[in-house]
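Please read them alongside the sequence and the coordinates.

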Amino acid sequence: GYRSRAAYKLKQLDELENVLSRGDTVVDLGAAPGGWLEVAAEAVGPDGQVIGVDLQRIKDIEDHDTIETIRGDMTEERTRDRVIDAAGGEVDAVLSDMAPNMSGEYSLDQARSLHLARQAFETALELLDTDGDFVVKIFEGPDVDEFRADVEEEFQYVRATSPKASRDESSELYFIGKGRLTASVRPGD
Ligand code: SAM
């Protein structure tokens, strides 16, 4: 079994759009407790690399020595710089299952979720190789269509889906950006 039920969502997303392949380098944002890391490590195999980031400490995943974890806040530039250093080059997939601490006030939680999704998108644009894929969780609400349109400009296409494993969490959906259109250009490259 996996250390989180969320693992099955990534399995479904990957079955739908094939975002994880042998040998890939994958960055997973909001990775604790680590279910997605386990699924990604299985998919990329021993020649792949998986980097997980979270505010929370991620307990070591002993079966997979391809996983590296970073504890930090993805809204801070220094955390994003650590992720870029750890990747050591362009990556094949950026995944984000980041979610805010729920206040219970939907409009606030939704706005925070969109802010995290936009941070993940910025990170994806910094890291992803041409043809790379992006998976991001968002909560339904205002500005989501605008966010989707922004993602669509950077990828061949975007698919929106609500995996069966998350249907009880009604307002949650994922965008899958397939095939980044241009190579990342970073200062200093
Ligand atoms: N995909 C994970 C798994 O399979 O185990 C579950 C992720 S959980 C739904 C969402 C995570 O996002 C939480 O662990 C939370 O700490 C993290 N998170 C929220 N805001 C964050 C931020 N600013 N930077 C990094 N991680 C963040």
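1. L95 has V135 in strand 5 as its bridge partner; strand 4 (residues 91–96) and strand 5 (residues 128–139) run parallel and share five bridges, where strands count as paired if DSSP finds at least two bridges between them. Helices (H or I, at least four residues) and strands (E, at least two) are DSSP runs, numbered from the N terminus. The model is a predicted one, in which local features need pLDDT of at least 70 and side-chain atom pairs count only at pLDDT 80 or more, while totals for chains, interfaces and linings use all residues. Residues are numbered from 1 along each chain as its sequence is written.

2. These two strands belong to an open, mixed sheet of seven strands in the order 3-2-1-4-5-7-6, with strand 3 (67–71) and strand 6 (155–161) at the edges, each pairing on one side only.

3. Helix 3 (residues 77–87) and helix 4 (residues 106–127) have axes that come within 11 Å and cross at roughly 35°, the axes being lines fitted to C-alpha atoms over the stretch in contact and angles running from 0 to 180 degrees between N-to-C directions. In this contact (C-beta atoms, placed from the backbone, within 7 Å), R80, V83, I84 and A87 of helix 3 meet T123, E126 and L127 of helix 4.

4. Around the ligand there are 21 residues, the closest being S4, A6, G30, G35 and D97, where a residue is near if its C-beta atom, placed from the backbone, lies within 6 Å. Helix 1 (6–17), helix 2 (35–44) and strand 2 (49–54) each contribute at least two residues to this shell.

Notes:
Two residues are in contact if their C-beta atoms, placed from the backbone, lie within 7 Å.
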